[in-house]
Amino acid sequence: MSQVLLTIDGEVETPRQLTFDDLAAIPAEHQVPDVSRLVPGRQGDAVTLRGLLALVGPRSTARYLGLHAAADNFHASIPLDAVLDRGLVIYRLAGQPLPAGRGGPVRFFIPDFAACHTDEIDECANVKFVDRIELTTTKGIDNRPHDGDSHAALHASQRG
Ligand SMILES: Nc1nc2c(c(=O)[nH]1)N[C@H]1C(S)=C(S)[C@@H](COP(=O)(O)O)O[C@H]1N2
Ligand SMILES: [Mo]
């Protein structure tokens, strides 16, 4: 599977464009098979954010992790330090790319997220359909819902 799924760029030494096969080829020490072991109810196989970023070499100037989903124009920008040791990227289910219904083909996931809009690292930062990860020095574009009303409106618009 040689289609580019994920671009990683910004404050990195070597920007990369990754396919499903590239993600699957990340060394076993960074692979997290079956995330349901960590997060009950969530399925699929992941790589650690740290393992993924090892492919591009974050610069010391990188402070924020930008998660971009062009599919529905959803974006989050969160402090890199806070998620480097726990962030996951789920990319595979039953040997195939993660289905869109589960936020695939590439979905960011923080196992121990805070409730929506209670913290910078909240459930809303679990961005689905991520096609670009961008490291930046200052906070970048972030259109997560920021209060209960906008959150309810977003979820209502996705029902059906
Ligand atoms: N691309 C994209 N990712 C997204 C969203 C979205 O609207 N678009 N909603 C976010 C919000 S507000 C929440 S609470 C979680 C919900 O994830 P779930 O449907 O897997 O429970 O996804 C987040 N990721
Ligand atoms: Mo949310």
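User: Where is the place of proline 105?

Analyst: This is a predicted model. In it, proline 105 is in the loop between strand 8 (96-97) and strand 9. The peptide bond that joins glycine 104 to proline 105 is cis, with omega at about 15°.

User: What is said of the phi of aspartate 34, and where does this residue lie?

Analyst: Aspartate 34 is not a glycine, yet its phi is positive, about 60°. The residue is in the loop between strand 3 (31-32) and strand 4 (45-48).

User: Which residues are closest to ligand 1, and how many surround it?

Analyst: Ligand 1 is surrounded by 16 residues, and the closest are Arg42, Asp72, Arg107, Lys128 and Gln158. To be counted, a residue needs a heavy atom within 4 Å of the ligand. By class, this shell has seven nonpolar, four polar and five charged residues. Helix 4 (residues 148-158) gives the most to the shell, with four residues.

User: What makes the pair between aspartate 72 and ligand 1 a polar contact?

Analyst: The cut-off is 3.5 Å between N or O atoms. A polar side-chain atom of aspartate 72 is 2.7 Å from a nitrogen atom of ligand 1, so the pair counts as a polar contact.

User: How do you know that lysine 128 and glutamine 158 make such contacts with ligand 1?

Analyst: An N or O atom in the side chain of lysine 128 is 2.9 Å from an oxygen atom of ligand 1. For glutamine 158, a polar side-chain atom lies 2.5 Å from an oxygen atom of the ligand. Both values are within the limit, and therefore both pairs qualify. Taken alone, ligand 1 exposes 530 Å², of which the protein buries 88%.

User: Which pocket does ligand 1 take up, and what is the volume of that pocket?

Analyst: Ligand 1 takes the space of the largest pocket. The volume of this pocket is about 320 Å³.

User: Which residues lie nearest the centre of the largest pocket, and what supplies its lining?

Analyst: The lining has 17 residues, and Arg107, Cys124, Asn126, Lys128 and His155 lie nearest the centre. Strand 9 (107-109) and helix 4 each supply at least two lining residues. The largest share, four residues, comes from helix 4. By class, the lining has eight nonpolar, four polar and five charged residues.

Definitions and conventions. Residues numbered from 1 in each chain as written. Chains lettered and ligands numbered in written order. Predicted model: local features only at pLDDT ≥ 70, side-chain atom pairs only at ≥ 80, totals over all residues. Heavy atoms only, no water. Polar contact = N/O pair within 3.5 Å; in protein donor to acceptor, adjacent residues only side chain to side chain. Areas by Shrake-Rupley, 256 points an atom, 1.4 Å probe, with all protein chains shown as cover. 1 Å grid on protein atoms, 1.4 Å probe; cavity = no way out; pocket = protein on both sides within 12 Å on 5 of 7 lines; lining within 4 Å. Sits in = over half its atoms within 2 Å of the grid points. Nonpolar A, V, L, I, M, F, W, Y, C, P; charged D, E, K, R; others polar. Points joined across faces, edges and corners; volume = space filled by probe spheres on them.
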